[in-house]
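Good morning. Please have the sequence and the model open while I talk.

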Amino acid sequence: MNIKHRALPLFLLVLALLLSPAAGAHADTDYKWVRMDGKWYYCSSEGEFLTNWQKIEGVWFYFDENGVMQAGWQKIDGIWYLFSPGGAMQTGWQKVGGKWYYLNGDGVMQTGWLSLGSWDYYLTQSGAMATGWQKIDGIWYLFGPGGAMQTGWQKVGGKWYYFNGDGAMQTGWLSLGNWYYYLAQSGAMATGWQKIDGKWYFFNSGGGMITGWQKLGSNWYFMNTSGVMATGWQTIGERTYFFADGGVLADCPGEGAMLRGFHVIDGKVCVFAQGGALQEDWASKNVIVIDPGHGAPPRSRTGRCPWAQALTR
């Protein structure tokens, strides 16, 4: 940093030295602090004052071309610096106007990504530390109240979001451990029934995708190993089942619900056990029944179920 000198009129220098309460407070060889017209200078006994960068008693100060000590925000050679009211160059975290800024060891205000210790921060173009949701280069990130970038599961506004190791908010399918999750375009974790690419899935309260047999409400459903809800005829193990999908039904348990009892399917009267398994076929009569000695005879009902037009979950 350059050291420059300029001369003050002698009578002003003498007057300032006599009146200034700070005179001698920052003593350096042959130089003293001088205050004139509310401004501070660093002057020699011969009336010369310093300009540009100066290190005084181990602290950096900056004086303009007229020798005036600078304070607050200053842009010097295209770079922003911050000086205390007493003129000392600031470094590290500094709070100004309710916002936090970071200045490196040379006093330079930082912008963009900043890694300190085990945490990452983001400083906007103004230098202000980012908090909360921030979209950076088209990617959403979340920063805590202290500015630290968040990773992993985070609950915001009652909804769960997931951020990878780089802090990027995830969307779509997510595999973690033994579970699959689905994150909406907003990043929010899905729960309950979800229709994804035209197929129905069910996610538990913790967001995990469900597979296999599930009783939801009063109905049984079956989700295959990919989590897709089964509809229509399905062979599971050694048994055949039929899951309603909007055809002609004796009763309407809901789309994907396992049928039980008597039902007319594709012109056949079918009987399903209490567990939903299809029973033996009376081929000669084109009728599928079980335990013909019990229960009422099958009845054919026509008309589509209400959910065939408007399914709600």
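I will start with a definition: helices (H or I, at least four residues) and strands (E, at least two) are DSSP runs, numbered from the N terminus. The model is predicted, so to speak of local features we need pLDDT of at least 70, side-chain atom pairs count only at pLDDT 80 or more, and totals for chains, interfaces and linings use all residues. Residues are numbered from 1 along each chain as its sequence is written, and side-chain values use heavy atoms, with hydrogens and water left out.

By that definition, the chain has 1 helix and 27 strands. Of its 313 residues, 42% are buried. Buried means under 20% relative accessible area, exposed means over 50%, and partly exposed is in between, with a 1.4 Å probe and protein chains only. The accessible surface comes to about 17,700 Å², and carbon and sulfur atoms hold 49% of that. Accessible areas come from the Shrake-Rupley method with a 1.4 Å probe; for residues, only the protein chains shown count as cover.

Next, contacts, meaning heavy atoms within 4.5 Å. Taking contacts between residues at least 6 apart in sequence, 34% join residues at least 24 apart.

Asp106 sits in the loop between strand 9 (99-103) and strand 10. Is Asp106 buried or exposed? Asp106 counts as exposed, because its relative accessibility is 54%. Beyond its neighbours within four places in sequence, Asp106 is in contact with Tyr81 and Met89. From Asp106 to Gln90 the C-alpha distance is 8.8 Å, and the two are 16 residues apart in sequence.

On to the cores. A nonpolar core is a set of buried Ala, Val, Leu, Ile, Met, Phe, Trp, Tyr and Cys residues joined through side-chain atoms within 4.5 Å. In soluble globular proteins, nonpolar side chains tend to be buried together. The largest core here has 9 residues: Tyr31, Trp33, Trp40, Tyr42, Leu50, Ile56, Phe61, Phe63 and Met69. Strand 2 (31-36), strand 3 (39-44), strand 4 (48-56) and strand 5 (59-63) are the elements that give two or more residues to this core. A second, separate core has 8 residues, among them Trp193, Trp200, Phe202 and Ile210.

For pairing, the centres of Phe, Tyr and Trp rings (for Trp, the six-membered ring) must lie within 6.5 Å; planes under 30 degrees apart count as stacked, over 60 as edge-to-face and the rest as tilted.

How many aromatic pairs does a search of the whole structure find? It finds 34 aromatic pairs. One of them is Trp53 with Tyr81: the ring centres are 5.1 Å apart and the planes stand at 70°, so the pair is edge-to-face. Trp53 is in strand 4 and Tyr81 in strand 7 (residues 79-83), 28 residues apart, so to speak of this pair is to speak of distant parts of the chain being linked. Trp53 is buried at 6% relative accessibility, and Tyr81 is buried at 9%.Trp113 and Tyr141 form another edge-to-face pair, at 5.2 Å centre to centre with 70° between the planes. Trp113 lies in strand 10 (residues 112-116) and Tyr141 in strand 13, so this pair ties together parts 28 residues apart in sequence. Trp113 is partly exposed at 41% relative accessibility, whereas Tyr141 is buried at 10%.

Strand 13 (139-143) brings us to Gln150, which lies in the loop between strand 13 and strand 14 (152-156). Gln150 is buried, with a relative accessible area of 17%. The side chain of Gln150 reaches the backbone oxygen of Ala148 at 2.8 Å. Leaving aside neighbours within four places in sequence, Gln150 is in contact with Leu142, Phe143, Gly144, Phe163 and Gly167.

Strand 14 and strand 15 (residues 159-163) pair in the antiparallel sense over 5 bridges. Val156 stands opposite Lys159 in strand 15. These two strands form a hairpin with 2 residues between them, and Gly157 in the turn has a positive phi of about 60°.

Asn52 has phi near 65° and lies in strand 4. Asp137 has phi near 55° and lies in the loop between strand 12 (132-136) and strand 13.

Definitions and conventions: A polar contact is a pair of N or O atoms within 3.5 Å; within protein, one must be able to donate a hydrogen and the other to accept it, and residues adjacent in sequence count only if both atoms are side-chain atoms. Two strands pair if DSSP finds at least two bridges between them.
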